[in-house]
Amino acid sequence: MEWPACGPDLNPTEDFWDQLGCAVRARGTNTTTLANLRQMLVEEWDAIPQQCEIKLATSMRRRCQAVVGVCVVLPHAAEAPAS
């Protein structure tokens, strides 16, 4: 599958990491040690509902269809015009 230059992200893990980062930042607590940061990450990771994981996994079909749709509409979108 060709990868369009401005296509949607196909990696649901990126969304999961973003959600985790937002949850840690929402605590409003600055950590001073790596151990504290690790503890906060583990706590927030455990607090993410399984439904979020399922939603991200099931979104893969839609994500792939979006990329294929862009490639069909703009088959040469990744190619830059000659100058």
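Visitor: How many helices and how many strands are there in the chain?

Guide: This is a predicted model. From the N terminus on, its elements run α-α-α-α. The count for the chain is therefore 0 strands and 4 helices.

Visitor: What share of the residues in the chain is buried?

Guide: A residue counts as buried under 20% relative accessible area. The chain has 83 residues, and the buried share of them is 18%.

Visitor: How many aromatic pairs does a search of the whole structure find, and which residues do the ring pairs link into a cluster?

Guide: The search of the whole structure finds 2 aromatic pairs. The cluster linked by ring pairs consists of Phe 16, Trp 17 and Trp 45.

Visitor: Is the pair of Phe 16 and Trp 45 stacked or edge-to-face?

Guide: The ring centres of Phe 16 and Trp 45 are 4.8 Å apart, and the angle between the planes is 80°. Planes over 60 degrees apart count as edge-to-face. The pair of Phe 16 and Trp 45 is therefore edge-to-face.

Visitor: Which parts does the pair of Phe 16 and Trp 45 tie together?

Guide: Phe 16 and Trp 45 are 29 residues apart in sequence. Phe 16 belongs to residues 12–26 and Trp 45 to residues 34–47, so the parts tied together are helix H1 and helix H2.

Visitor: Is Phe 16 buried or exposed?

Guide: The relative accessibility of Phe 16 is 9%. Buried means under 20%, so Phe 16 counts as buried.

Visitor: Is the pair of Trp 17 and Trp 45 stacked or tilted?

Guide: The centres of the two rings lie 5.7 Å apart. Planes under 30 degrees apart count as stacked and over 60 as edge-to-face. The planes of Trp 17 and Trp 45 stand at 55°, so this pair is tilted.

Visitor: What is the relative accessible area of Trp 17, and what is that of Trp 45?

Guide: Partly exposed covers what lies between the buried limit of 20% and the exposed limit of 50%. Trp 17 is partly exposed at 46%, and Trp 45 is partly exposed at 39%.

Visitor: Which residues does Pro 12 touch, not counting those up to four places away in sequence?

Guide: Pro 12 has its place in helix H1 and counts as buried at 17% relative accessibility. Its C-alpha atom is 9.4 Å from that of Lys 55, 43 residues apart along the chain. The residues that Pro 12 touches are Leu 56, Met 60 and Arg 63.

Notes. Residues are numbered from 1 along each chain as its sequence is written. This is a predicted model: local features need pLDDT of at least 70, side-chain atom pairs count only at pLDDT 80 or more; totals for chains, interfaces and linings use all residues. Side-chain values use heavy atoms; hydrogens and water are left out. Rings of Phe, Tyr and Trp (its six-membered ring) pair if their centres lie within 6.5 Å; planes under 30 degrees apart count as stacked, over 60 as edge-to-face and the rest as tilted. Helices (H or I, at least four residues) and strands (E, at least two) are DSSP runs, numbered from the N terminus. Buried means under 20% relative accessible area, exposed over 50%, partly exposed in between (1.4 Å probe, protein chains only). Contact means heavy atoms within 4.5 Å.
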